[in-house]
Amino acid sequence: MTVQIDQLVDWLRRFRALVVQNQALLTELDSAIGDADHGSNMARGMNAVVEKLHGESSETVDALFKGVGMTLVSSVGGASGPLYGTFFLRFGTSTGAVTALDAGGLSAALRAGLGGVVTRGKAEAGDKTMLDAMIPAVDALDSALAAGRDLAAASAEAAAAAAAGRDATEPLVARKGRASYLGDRSAGHVDPGATSTALLFEALAAALAGPAAAAESDSAAEPGPASAPDPTP
Amino acid sequence: MKKLINAPDAVLADSLKGVAAAHPELTVDHANRIVYRGTPTRAGKVALVSGGGSGHEPLHGGYVGIGMLDAAIAGEIFTSPTPDQIQEATRVADSGAGVLHIVKNYTGDVMNFEMAAELADAETGVTVATVVVDDDVAVEDSTYTAGRRGVGLTVLLEKIAGAAAEEGQDLAAVEAVAKRVNASGRSMGMALTSGTVPAAGRPTFDLPEDSMEIGVGIHGEPGRHRVPLAPAASIARQLVEPVLADLDFTGAPVIAMLNGMGGSPLIELYLMYGEVAALLETAGVTVARTLVGDYITSLDMAGCSLTLLRADDELLRLWDAPVNTPGLRWGV
């Protein structure tokens, strides 16, 4: 099973849709331990990404993701811009000029993106950051692939691991980012960055779930009546 | 929310229009949200570029001018500017002698300036040095946190490094004096009320009438401790003691800044400085220069911060050098 560039575009559209749907939640989480702008910043960035996808289509995976990364870097600001921007830039750099990814290529690209976030943010697991969702997600994908599961199943396990990682940030005391200034008072709140990263993997799982889900992508990406017809397998 | 605005999402753009109207001696790039001096950096002079989220005015745009910054980049309110904006300011401000980035230690600012410096070096060949300001003693410094925040000392550092650049010191020397200032200064802040971000429409945190936050930064984030409201003399102690406990300020001339957070009147800031000055005298600290007023704010937050800089003859000389900006002006 390979992942076509259209499915990767679908991933980005779904991520945008989820970020927009959860904008208020992300902002609410960020008001508790940050500065109340994560929802609006991520929505602004992903809206810019999708707008760019409408305007120009990329022939290759690396061009697509480098464009996404630069768009996020120049439109999000805050810490999320460089972190998500670096994630997609490194993802794109890793794949090379291909038009599809096999399971190993997707795994390597996600791993490269994760490495970029680690380098940029200088955080590690347990610091109450987006890495607490991203590290278990990438690990889960690799374990599932190693166990012989297909990409649809592996990405679903990655999404579940990201969500579990997100939930596990609640009791943590933040050691990186603006929440760390609160000291012990940052405990008891789910991390907004881990929450948006869980959405990133939820979107990936949906985009790779198979042809049925792929056909729904327009309704998922564009708020409006969800009237996509059932595809005939 | 009652604010002097047209629309929450137009606050920054509209405010920059006002800056341009009020200060014809400055040049405002509205598309990239950069404030420059009206005349290009003269050949051979190191350019100072700073920036960060908006809402801290007069920082940073108000410190562009002779003796201080060459360019200031304005991010959205409390949000770092992006690398492409920073890179543009760096490229335009450079006169060939290199650029010093002055960055407050907040995760977003540090990352965006870091990416911009990488891009500037790779794409335009501009030499960039960076000083990260981290003076806030409210944050326990350890390898397990994002480190201390950059707050009030940023104002003093931009003034002193600006004077060094103005008199022709090279990039390494300007960077060195900036780092010396950072190593020699400490700050502590407090809030009586939360500020209100226009886009959010309501105060960032709730603070009951009988409470105050000790150890706030400048982004409306809550502080480390919420304590009962107290008289000014007690508040002054809660600011002075942690600053003096962190660094020895005796035996050297000290530059002191009692800064307003944006929502406290000057009469209260002077009252606070009176309390602070008495405590410093008792502690054997000699204040050589003083600033009292709104220099680095947090929108409409009520409260104040104290910054002390352990100076020497050289730093005092650079402090006293002429400066002509909207926010600081003397000797011209």
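In the predicted model, strand 10 of chain B, formed by residues 253–260, is mostly covered, with seven of its eight residues buried. This strand has a partner in strand 11 of chain B, residues 286–293, to which seven bridges join it in the parallel sense. Within this pairing, N259(B) has G293(B) of strand 11 as its bridge partner. The two strands also belong to a right-handed β-α-β unit, in which helix 7 of chain B, residues 266–282, is the helical member. Strand 10 of chain B pairs as well with strand 12 of chain B, residues 303–310, again over seven bridges but in the antiparallel sense. Here the bridge partner of I255(B) is L309(B) in strand 12. In general, the strands of a sheet pair through backbone hydrogen bonds, and the pairing may be parallel or antiparallel.

Chain B also contains an open sheet of six strands, arranged in the order 1-2-4-3-5-6 with mixed pairing. Strand 1 (26–29) and strand 6 (128–133) of chain B are the edge strands, each of which pairs on one side only. On average, and with direction ignored, neighbouring strands of this sheet are turned by 20° against each other. Strand 6 of chain B runs parallel to strand 5 of chain B, residues 99–104, and six bridges join the two. Opposite H101(B) stands T130(B), a residue of strand 6 of chain B. Helix 5 of chain B, residues 171–184, lies across strand 5 and strand 6 of chain B, and its direction makes an angle of about 5° with strand 6.

Several backbone features occur in loops of chain B. The loop between strand 3 (47–54) and strand 4 of chain B holds P58(B), and the peptide bond that leads from E57(B) to P58(B) is cis, with omega near 10°. H60(B) is placed in the loop between strand 3 and strand 4 of chain B; the peptide bond from L59(B) to H60(B) is cis, with omega near -10°. In the loop between strand 1 and strand 2 (34–37) of chain B lies R33(B), which has a positive phi of about 60° although it is not a glycine. R33(B) counts as buried because 23 other C-beta atoms lie within 10 Å, and the threshold for this class is 20 or more. A positive phi, near 50°, is also found in chain A at K122(A), a residue other than glycine. K122(A) belongs to the loop between helix 6 (103–121) and helix 7 (131–146) of chain A. With 14 other C-beta atoms within 10 Å, K122(A) is partly exposed.

Chain B is divided into domain 1, residues 12–182, and domain 2, residues 185–319. The C-alpha centres of these two domains of chain B lie 23 Å apart. The contact between them takes 25 residues from domain 1 of chain B and 32 residues from domain 2 of chain B. On the side of domain 1 that touches domain 2, the elements that give two or more residues are helix 4 (153–166) and helix 5 of chain B. Helix 4 of chain B supplies the largest share of this side, eight residues. By class, this side of domain 1 has 14 nonpolar, six polar and five charged residues.

L318(B) is found in helix 8 of chain B, residues 313–320. Residues up to four places away in sequence aside, L318(B) touches I160(B), A163(B) and A164(B). L318(B) is classed as buried because 22 other C-beta atoms lie within 10 Å. Between L318(B) and E76(B) there is a separation of 242 residues in sequence and, from C-alpha to C-alpha, of 32 Å in space.

The two chains also meet: 30 residues of chain B are in contact with 23 residues of chain A. The elements that give two or more residues to this side of chain B are strand 4 (71–77), helix 2 (83–93) and helix 3 (107–124) of chain B. Helix 3 of chain B gives the most, with five residues. The residues on the side of chain B that touches chain A divide into 13 nonpolar, 12 polar and five charged.

Key:
Residues numbered from 1 in each chain as written. Chains lettered and ligands numbered in written order. Predicted model: local features only at pLDDT ≥ 70, side-chain atom pairs only at ≥ 80, totals over all residues. Pairing = 2+ DSSP bridges. Helix = DSSP H or I, 4+ residues; strand = E, 2+ residues; numbered from the N terminus. Axes fitted to C-alpha atoms, helices over the stretch in contact; angles between N-to-C directions. Contact = placed C-beta atoms within 7 Å. Domains from an automatic or database assignment. Nonpolar A, V, L, I, M, F, W, Y, C, P; charged D, E, K, R; others polar. Buried ≥ 20, exposed ≤ 12 C-beta atoms within 10 Å, placed from the backbone. Right-handed = clockwise from strand over helix to strand, strands pointing away.
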